[in-house]
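Let's take a friendly walk through this model, with an eye on rings, charges and a metal. Have the viewer open as you read.

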Amino acid sequence: MTSGSAYLDIDAYACCIAYAELLNHQGVEARAVSSAPLNASISRTVLGWQSSLDDYRPRAGDEFVLVDVSDYHHFDPVVVLDQVVEVIDHHPGFESYWAQKLGSAADILPIGAAATQIFQRWEAADLLPLISEQSAALLATAILDNTLNFTGQLTTQSDIRAYDVLARRAKLAEDWPERYFSECQASIESDLIGALAADMKRLQAESNLPQVFAQMTVWDAAALIRTHRSTISHWLAAQGGDWLLNVISIRECKSYFLAEPLVSQQKLSHLLPIEWQAGTAVLERSLLRKELLRLGLARISVADAMPQIARS
Ligand SMILES: [Mn+2]
């Protein structure tokens with residue numbers, strides 16, 4: 001049971017732990033394994049739940065289940081590609097590769113959180129009464145985080161229902177969403193560069209999105225940018241000449257973009273109705289990097305289709 005290489009967010013972390021727990025109940029020996037650093041979405045309280053990854057090093061002959069990742073460029077280095085037996089993910093782009101390789105053992109869906117898919121596995125196995133309070137709390141919080149408190153575009157009814165059931169099992173407080181996202185902001189602000197580095201993706205040069213793409217989810221994005229803008233810009237500019245930071249503001253349900261290179265601003269203006277002012281732009285809804293990737297892919301496929309239409 002493992003996930004991506006760059007960093008582990010709460011969705012990947014929760015899925016590894018909770019799916020390993022389910023498989024062990026089903027008599028399949030499984031370990032939750034990752035060699036990636038944890039990012040700020042695994043907040044102080046979450047770490048205090050005393051549920052963690054297993055201290056285990058994969059051996060020759062082990063099989064791998066991937067959760068919350070399907071792009072084989074970004075696997076945890078412990079993974080042996082040919083020994084992957086199952087993929088559970090909600091990122092776009094590699095659906096047909098895995099469908100061909102694994103058939104129905106590839107479960108890649110446009111859904112708010114991979115944690116919802118893991119919840120569905122527990123439910124389908126009729127074992128939900130056995131889920132530990134920690135795993136229920138982890139999965140519920142992963143759903144909150146990845147759906148942006150249910151405001152993200154990919155949020156589905158299944159995510160909402162999974163949260164309700166899991167939050168009740170885990171006895172989470174009513175104000176847990178606000179407390180959780182405020183905690184994430186505090187941990188980001190206590191190590192801003194670390195948080196940027198941990199949640200940054202490098203996209204292919206031919207991508208129609210900025211090549212250096214950092215993202216963070218906080219309670220109050222305007223305050224974060226006001227206080228830390230020069231530190232952020234300085235560090236991102238050192239990573240390359242085409243960069244963007246997406247700060248998702250849960251309190252206001254908006255996305256704040258920070259990009260100083262003109263080329264990066266233009267790429268984003270191509271995909272979204274935004275106006276840049278001195279390197280920042282605000283979108284009146286919260287938008288995730290994977291939603292932007294989806295928009296970018298849609299534009300590529302439209303562009304690819306054009307010449308064919310012209311020829312026929
Ligand atoms: Mn996820």
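## Aromatic cluster and pairs

Tyr72, Phe75, Phe94, Tyr97 and Trp98 come together as one aromatic cluster. Keep in mind that this is a predicted model. Searching the whole structure turns up eight aromatic pairs. One of them joins Phe150 and Tyr163 in an edge-to-face arrangement, with 5.4 Å from centre to centre and 70 degrees between the planes. This pair links distant parts of the chain, since Phe150 sits in the loop between α5 and α6 while Tyr163 belongs to helix α6, 13 residues apart.

Helix α7 (residues 176-190) holds both Trp176 and Tyr180, four residues apart, which is about one turn of the helix. Trp176 is buried, with a relative accessible area of 3%, and Tyr180 is buried too, at 0% relative accessibility.

## Charges over rings

Two arginines are worth a look here. Arg31 lies over the face of Tyr56, 6.0 Å from the ring centre. For Arg289, the charged end sits over the ring of Phe213, at 5.6 Å from its centre.

## The manganese site

Now for the metal. Four protein residues donate to the manganese ion: Asp11 and Asp68 through OD, His90 through NE2 and Asn146 through OD1, at 2.1 to 2.3 Å from the ion. Along the chain, these donors follow the spacing D-x56-D-x21-H-x55-N. Asp11 comes from helix α1 (residues 10-25) and Asp68 from the loop between β1 (64-67) and β2 (84-89), so the pair ties together parts that are 57 residues apart in sequence. Both Asp11 and Asp68 are buried.

If you plan to check the geometry, ideal angles at a metal are 109.5 degrees for four tetrahedral donors, and 90 or 180 degrees for six octahedral ones.

## Helix α4 and its neighbours

Which residues of helix α4 (residues 114-124) are buried? They are Ala114, Ala115, Thr116, Gln117, Ile118, Phe119 and Trp122. The buried residues of α4 pack against the helices α1, α5 (133-146) and α6 (157-170), and also against the strands β1, β2 and β3 (106-108). After α4 comes Asp126, which has a positive phi near 65 degrees.

Definitions and conventions: Residues are numbered from 1 along each chain as its sequence is written. This is a predicted model: local features need pLDDT of at least 70, side-chain atom pairs count only at pLDDT 80 or more; totals for chains, interfaces and linings use all residues. Side-chain values use heavy atoms; hydrogens and water are left out. Donors are N, O and S atoms within 2.8 Å of the metal (3.2 Å for Na, K and Ca); water is not among the atoms, so sites may look incomplete. Helices (H or I, at least four residues) and strands (E, at least two) are DSSP runs, numbered from the N terminus. Buried means under 20% relative accessible area, exposed over 50%, partly exposed in between (1.4 Å probe, protein chains only). Contact means heavy atoms within 4.5 Å. Rings of Phe, Tyr and Trp (its six-membered ring) pair if their centres lie within 6.5 Å; planes under 30 degrees apart count as stacked, over 60 as edge-to-face and the rest as tilted. A charge sits over a ring if NZ of Lys or CZ of Arg is within 6 Å of the ring centre and within 35 degrees of the ring normal.
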